[in-house]
Amino acid sequence: MTTLDYWVIVIFSIGILVAGLSMSDRKADMQSYFGASGALPWWMSGLSLYMGFFSAGTFVVWGAIAYEQGWVAITIQWMMAIAGFLIGRFIAPRWRQTGVLTAAEFVQQRFGSGVHKFYTYVFLLMSFAYNGAFLYPVAKLVNVSTGLPSHYAIMLFGLMAVLYTTSGGLWAVIVTNVLQFVVLTAAVMIVVPLAFERVGGIPAFVSAAPEGFFNLTGGEYTPWFVAAFGLYNMVFIGGNWAYVQRYTSVPTKREAKKVGYLFGWLYLISPVVWMLPPMLYRMVDGNLAGLENEGAYLMMCKEVLPAGLMGLMITGMIFATTDSVNASLNVSSAVFTNDVYKRINPGATNRSLMWVARLSTLAFGMITVLVALMVPAMGGIVEVVLSIGALTGVPLYGPAIWALFSRRQTAFSVLFTTLVSLAINVFFKFGAPPLLNVMLDRMQETVLGVSLPIMLLAIFEVVYRRRPYRIATSADAAADGAEVASHGKQQSALAIKTVALALLGVGLMIMVLGLLAASGRPAVLTIAFMIVALGTCLLRMAYRKRTIS
């Protein structure tokens with residue numbers, strides 16, 4: 001790391017913070033703060049969905065798997081692409097049709113207050129674990145690249161994430177998501193050719209790779225695991241309350257479909273590019289052991305990036321990862337404010353609701369920092385992310401997705417499914433090893449976590465086959481026909497303008513770094529010109545949108 005790299009990190013960090021804070025809205029209400037007034041452009045929502053899910057551990061979790069087992073990491077992520085296409089075709093438009101502000105609101109309409117309270121409190125509890133798992137990779141990245149102790153990095157970047165999420169709500173989350181997508185894509189497009197050059201080109205990489213490095217599956221990541229993981233991700237991305245927000249905040253069902261399709265296409269293409277740096281680093285240093293392989297991505301970047309561009313990559317990784325925290329904090333605050341506080345105080349004014357929204361975001365952010373500090377004691381980020389997902393993903397989010405289509409599920413059936421599935425999963429994870437001397441491997445743990453709740457819901461579907469459908473429909477009829485509020489259109493135009501101006505600044509800065517670079521100058525300058533062109537196009541779009549509104 002050079003002095004120029006540190007300056008780039010500081011400048012980009014300040015720029016991202018300013019971009020997020022610029023979306024602060026004094027006229028904000030619950031619908032605009034948590035739902036973008038239903039005016040969120042589908043392409044911004046799709047990129048935000050991608051970055052919110054992608055950045056949860058790509059550099060650390062999947063980077064470690066790519067370093068250790070090669071192409072397997074790409075195969076696993078391709079399952080997310082299939083999940084995205086299925087969500088776009090079937091699930092996303094159903095969520096948009098409900099017309100709800102949060103997924104918890106749909107649960108209330110469909111199953112009543114008792115079930116609503118249960119899922120709300122469980123979701124809030126689980127969000128702390130997920131957010132901590134999302135924030136931990138930030139510390140790992142910063143520690144590997146700069147030597148800054150992990151706990152300081154967690155506190156610093158956790159605070160920054162809380163600041164602009166509290167200030168600007170969902171719009172701030174979306175703007176920073178889109179900005180980070182462009183910055184990271186640019187950085188990786190620079191890293192990949194330089195990494196191939198470092199190992200002697202594609203033929204040298206292929207010939208020197210370990211045996212089985214390009215197999216589609218391997219080790220604990222068997223075909224059964226991959227299939228179960230794909231099904232799990234369809235439920236998790238389609239039903240996680242933070243991601244549901246991306247489908248309900250666009251203007252129409254058609255645009256909700258596009259959100260899912262864009263996610264699918266991005267995950268079909270990007271894993272091949274994103275996983276190459278840690279795979280190539282295996283050729284540079286094949287001796288990383290234990291949790292050391294979680295830093296393989298950054299180690300390759302340090303090997304090949306010229307001064308300044310390493311700072312660009314680190315900043316992109318840091319804020320892409322914290323963007324996952326931002327999205328989860330926003331929806332957690334939405335659930336608490338809309339589905340807990342507002343029901344306790346039905347006469348609360350908009351001003352008091354907005355105070356609760358911002359204060360709860362701040363409080364949840366502080367808890368997230370504390371959880372992230374405890375991740376190393378839990379076995380590392382790979383263990384935490386995959387185990388939490390296997391244990392809780394489908395039991396918690398599967399029943400709500402099933403209820404979007406089912407005419408037969410009841411409050412009892414969904415609660416029974418969730419509670420029994422969670423109990424059995426937790427028993428086999430923590431109780432069976434000491435009591436029965438039985439320990440499930442990764443494949444068995446994932447298959448059990450996915451198949452059990454689906455099997456239980458299918459049984460109830462047969463048992464209740466003559467039970468009438470019960471769901472509130474008052475919001476459905478108006479969901480697509482309602483005009484987007486003028487304020488929502490103005491915020492949409494402001495968001496596009498903010499992204500455009502930020503990209504112009506990013507492009508110009510990368511251009512300067514390219515001129516200063518000792519190697520890779522043509523690639524850097526090409527990427528810089530592309531970003532400037534993109535920023536110019538978005539700026540024109542923002543002005544047209546502002547004129548129309």
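Residues carry numbers from 1 along each chain as its sequence is written. Because the model is predicted, local features need pLDDT of at least 70 and side-chain atom pairs count only at pLDDT 80 or more, while totals for chains, interfaces and linings use all residues, and side-chain values use heavy atoms, with hydrogens and water left out.

User: How many helices and strands does the secondary structure of the protein chain come to?
Analyst: Helices (H or I, at least four residues) and strands (E, at least two) are taken as DSSP runs and numbered from the N terminus. Counted in that way, the secondary structure of the protein chain comes to 22 helices and zero strands.

User: What percentage of the 549 residues in the protein chain is buried?
Analyst: A residue is buried under 20% relative accessible area, exposed over 50% and partly exposed in between, with a 1.4 Å probe and protein chains only. Among the 549 residues of the protein chain, the buried share is 59%.

User: Are helix 18 and helix 19 roughly parallel or roughly antiparallel to each other?
Analyst: Axes are lines fitted to C-alpha atoms, for helices over the stretch in contact, and angles run from 0 to 180 degrees between N-to-C directions; under 35 degrees counts as roughly parallel, over 145 as roughly antiparallel, 65 to 115 as roughly perpendicular and the rest as oblique. The axes of helix 18 (residues 411-436) and helix 19 (residues 442-463) come within 9 Å and cross at roughly 155 degrees. The two helices are therefore roughly antiparallel.

User: How many residues of the contact of helix 18 with helix 19 are nonpolar, polar and charged?
Analyst: With contact meaning heavy atoms within 4.5 Å, the residues that meet include Phe 412, Phe 416 and Lys 429 in helix 18 and Glu 445, Leu 448 and Phe 460 in helix 19. Ala, Val, Leu, Ile, Met, Phe, Trp, Tyr, Cys and Pro count as nonpolar, Asp, Glu, Lys and Arg as charged, and the others, Gly among them, as polar. The residues of this contact divide into eleven nonpolar, five polar and two charged.

User: Where is Asn 437, and is Asn 437 buried or exposed?
Analyst: Asn 437 lies in the loop between helix 18 and helix 19, and its phi is near 60 degrees, a positive value in a residue other than glycine. With a relative accessible area of 71%, Asn 437 is exposed.

User: How is helix 5 oriented to helix 11, roughly parallel or roughly perpendicular?
Analyst: Helix 5 (residues 72-98) and helix 11 (residues 241-248) pack with their axes 8 Å apart, at an angle of about 80 degrees. That angle makes helix 5 to helix 11 roughly perpendicular. The contact is made by Ile 87, Ala 92, Trp 95 and Arg 96 of helix 5 and by Val 244, Tyr 247 and Thr 248 of helix 11, and these residues divide into five nonpolar, one polar and one charged.

User: How far apart in space are Ile 76 and Val 226?
Analyst: Ile 76 has its place in helix 5 and is buried, with a relative accessible area of 0%. Not counting residues up to four places away in sequence, Ile 76 touches Trp 62, Tyr 221, Phe 225, Val 226 and Phe 229. Although Ile 76 and Val 226 are 150 residues apart in sequence, their C-alpha to C-alpha separation in space is 5.9 Å.

User: Which residues is Ser 333 in contact with, leaving aside its neighbours within four places in sequence?
Analyst: Ser 333 has its place in helix 15 (residues 309-344), and at 0% relative accessibility Ser 333 counts as buried. Leaving aside neighbours within four places in sequence, Ser 333 is in contact with Phe 34, Ala 357, Ser 360, Thr 361 and Phe 364.
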